[in-house]
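Subject: Structure handover, with notes on its aromatic rings

Dear colleague,

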Amino acid sequence: MNVQFNTDAVWAGTPAAVARRVPERCLFLLTPSKEECGVESFARLLVSALQNDYPDDGCAVLPVSSRWRDLPAVCRRIAAADQVVFSVPLVAWKRLLLLPLVVLVFACMVRCRVNVFMHEWAALHWMRRLALAPFLLLSRTIIVVSPFIANEIAGAPWLMGAARKCRLVPNAPTIRRPDEPRVTERVLRVREIAKSCDVVIGYFGAIYKGKAATALLDVCENLRRSGIRAGVVFIGSFPKSLDGYEQQFWSKVTEYGIADQIIVTGYVTDEAELHTLFDEVGSFLFLFPEGLTARRSSVIHTLQSDRPVVVTAPRSMTEFAHHAGFTRLIEAGVLSFIPEGADRRAIADQLLAVAKRGKRPTPAIEWDTWWRATTAATHAALRKETPWT
């Protein structure tokens, strides 16, 4: 996922876990970070939902610090548990190679069942995939939110049949639209740029190669050649990476001479500010190379706004067969799909046509319904009741 946001507002609306004490039998290992990413937010909300819906399962978050002196305490809790869950990418463990492997090996040694919740695979740098391979190989269950991810795993023969361990669960939102907006300096910057633009394009989430963020710069340049001044607001930040994508991004901005039309907001902590930024764009545009897939939380979250969302069409609707909520939104026509292979001119024309229609009725993402489906599927996957087909 790699989408960055904070979930303070969400916690207030999440049912509190039951008060009675139950043994910690299923531990979700997380390394807390200053800027909580989507993977960590999802895991925390999932544990809270599991505690509420399946209190006897004994699910709990196990914080793992980067300090080696804390390792014995972590190992004691793992030794007393039945199973552990690693959330991949191991976002806050990026600078650590040995510690998570030690925890993994220890869990195997004490016969604690290892599960992996896999949010990305091929989009990760090959060095990160290599470091994560032991987690997939030693796991009993690999939980994925998209058939696309399972197919990527199946396409890596060196993982030796890991795809057979995959179990599907529906993706769920991790932020809710607040009732009141919050105008900040970033919001005012967007408003200032919008004054001199004919159209304002929005993008949400981490800015990295797998989401083809620079393709929006190409669309912006194409519109400029047609005499249309477009502003592009990237609501998110560049994750640390090994491929130099941030430098490539800014080099293209300089090449096109559109620096005064581009805003990168950086990490947005407050949900009210986030959704106020959503309200400042004319429409959202996502140009995923593989088409829309069920793992794209950035699309789910922008659908909670009243702005049109334009996205490359899914290659197959079977991608969403396991996700009733996402399927209903697609069938309701709330997304505007770009045909596969469309050129920049066709994309720009479709974007302008959608923007002219203006706001749309905000589709109701039924928070409780979506999370109940995710929680039930995860519960079943951890009990190995649902085979991958």
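In these notes, a residue is called buried when its relative accessible area is under 20%, exposed when it is over 50%, and partly exposed in between, using a 1.4 Å probe and protein chains only. Please bear in mind that this is a predicted model, in which local features need pLDDT of at least 70 and side-chain atom pairs count only at pLDDT 80 or more, while totals for chains, interfaces and linings use all residues. Residues are numbered from 1 along each chain as its sequence is written, and side-chain values use heavy atoms, with hydrogens and water left out.

Rings of Phe, Tyr and Trp (its six-membered ring) are taken as a pair if their centres lie within 6.5 Å, with planes under 30 degrees apart called stacked, over 60 edge-to-face and the rest tilted; by this rule there are 17 aromatic pairs. One of them is the edge-to-face pair of F86 and F135, with 5.0 Å centre to centre and 70° between the planes. This pair links distant parts of the chain, since F86 lies in strand β3 (residues 83-88) and F135 in helix α5 (residues 126-138), 49 residues apart; helices (H or I, at least four residues) and strands (E, at least two) are DSSP runs numbered from the N terminus. F86 counts as buried because its relative accessibility is 1%, and F135 counts as buried because its relative accessibility is 1%.

F204 and F278 also form an edge-to-face pair, at 5.1 Å centre to centre and 75° between the planes, and both residues are buried. F204 and F278 belong to one aromatic cluster, whose members also include W250 and F288.
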